[in-house]
Amino acid sequence: QVQLVESGGGLEQAGGSLRLSCAASGLTFTNYAMGWFRQAPEKEREFVAAMGGRTDYADSVKGRFTISRDNAKNTVYLQLNSLKPEDTAVYYCAAAPSMANYANRYEYPYWGQGTQVTVSS
């Protein structure tokens, strides 16, 4: 019933930009913090950014990525600028109760299917 659908991933050169979108349905969107996580091959899934009652970013993306949300459209976005090869990963959106620990992936009960971001050097 709850569905999170990411889009916007693709192949980009280092220094370029991508915009990811995640459309949510089946939940009361304003009651949830929305997060972005990423997972590279053979690596653990790591926190990227989240927005709810507050906005948090991983240190590795601060100043380059921007999270935003449009509550009227039940959609969260991640703008990826100044891309680096180390940003290459599958990017997932997730939904959590608003007062969750935003950086802890285990606090998020709902997840999208992921969208691949590949950054070439």
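**Close-up views**

**View A. Tyr106 lies in the loop that connects strand 9 (89-97) to strand 10 (110-111).** The model shown in this and the following views is predicted. Tyr106 has a relative accessibility of 64% and therefore counts as exposed. Its side chain is joined to that of Arg105 by a polar contact of 2.5 Å. Tyr77 stands 29 residues from Tyr106 along the chain, and the C-alpha atoms of the two residues are separated by 21 Å.

**View B. Arg105 and Glu44 form a salt bridge between two loops.** The N-to-O distance between their side chains is 2.8 Å. Arg105 belongs to the loop between strand 9 and strand 10, whereas Glu44 belongs to the loop between strand 4 and strand 5, so the pair ties together parts that are 61 residues apart in sequence. Arg105 is partly exposed, with a relative accessible area of 21%, while Glu44, at 58% relative accessibility, counts as exposed.

**View C. Salt bridges that share partners join Arg38, Glu46, Arg64 and Asp87 into one network.** Between Arg38 and Glu46, the closest N and O atoms are 2.7 Å apart. Arg38 is buried, with a relative accessible area of 6%, and Glu46 is partly exposed at 37%. Arg64 forms a salt bridge with Asp87, with 2.8 Å between the closest N and O atoms. Arg64 lies in the loop between strand 6 (55-57) and strand 7, and Asp87 in the loop between strand 8 and strand 9, so this pair ties together parts that are 23 residues apart in sequence. Both Arg64 and Asp87 are buried. The structure has six salt bridges.

**View D. Ring pairs link Phe37, Phe47, Tyr92, Tyr108 and Trp111 into a cluster.** Six aromatic pairs are found in the whole structure. The ring centres of Tyr108 and Trp111 are 5.9 Å apart and the ring planes meet at 55°, so this pair is tilted. Tyr108 is buried, with a relative accessible area of 4%, whereas Trp111 is partly exposed at 26%. Arg45 lies over the face of Tyr92, at 3.7 Å from the ring centre. The charged end of Arg45 also sits over the ring of Trp111, 4.9 Å from its centre.

**View E. Strand 4 (residues 32-39) pairs with strand 9 and with strand 5 (residues 46-51).** Seven of the eight residues of strand 4 are buried, so this strand is largely enclosed by the rest of the structure. Strand 4 and strand 9 run antiparallel and are joined by eight bridges; here Phe37 has Tyr92 of strand 9 as its bridge partner. Strand 4 and strand 5 also run antiparallel, with five bridges between them, and Trp36 stands opposite Ala49 in strand 5. The hairpin of strand 4 and strand 5 has six residues between the strands, and in this hairpin Glu42 takes a positive phi near 65°.

**View F. Four strands form an open sheet in the order 1-3-8-7, with antiparallel pairing.** Strand 1 (3-7) and strand 7 (65-70) stand at the edges with a single partner strand each, so one side of each is left without a neighbour in the sheet. The twist from one strand to the next averages 15°. Strand 3 (residues 18-25) and strand 8 (residues 75-80) run antiparallel and are joined by six bridges. Arg19 stands opposite Gln79 in strand 8.

Key. Residues are numbered from 1 along each chain as its sequence is written. This is a predicted model: local features need pLDDT of at least 70, side-chain atom pairs count only at pLDDT 80 or more; totals for chains, interfaces and linings use all residues. Side-chain values use heavy atoms; hydrogens and water are left out. Rings of Phe, Tyr and Trp (its six-membered ring) pair if their centres lie within 6.5 Å; planes under 30 degrees apart count as stacked, over 60 as edge-to-face and the rest as tilted. Buried means under 20% relative accessible area, exposed over 50%, partly exposed in between (1.4 Å probe, protein chains only). A charge sits over a ring if NZ of Lys or CZ of Arg is within 6 Å of the ring centre and within 35 degrees of the ring normal. A polar contact is a pair of N or O atoms within 3.5 Å; within protein, one must be able to donate a hydrogen and the other to accept it, and residues adjacent in sequence count only if both atoms are side-chain atoms. Two strands pair if DSSP finds at least two bridges between them. Axes are lines fitted to C-alpha atoms, for helices over the stretch in contact, and angles run from 0 to 180 degrees between N-to-C directions. A salt bridge is a side-chain nitrogen of Lys or Arg within 4 Å of a carboxyl oxygen of Asp or Glu.
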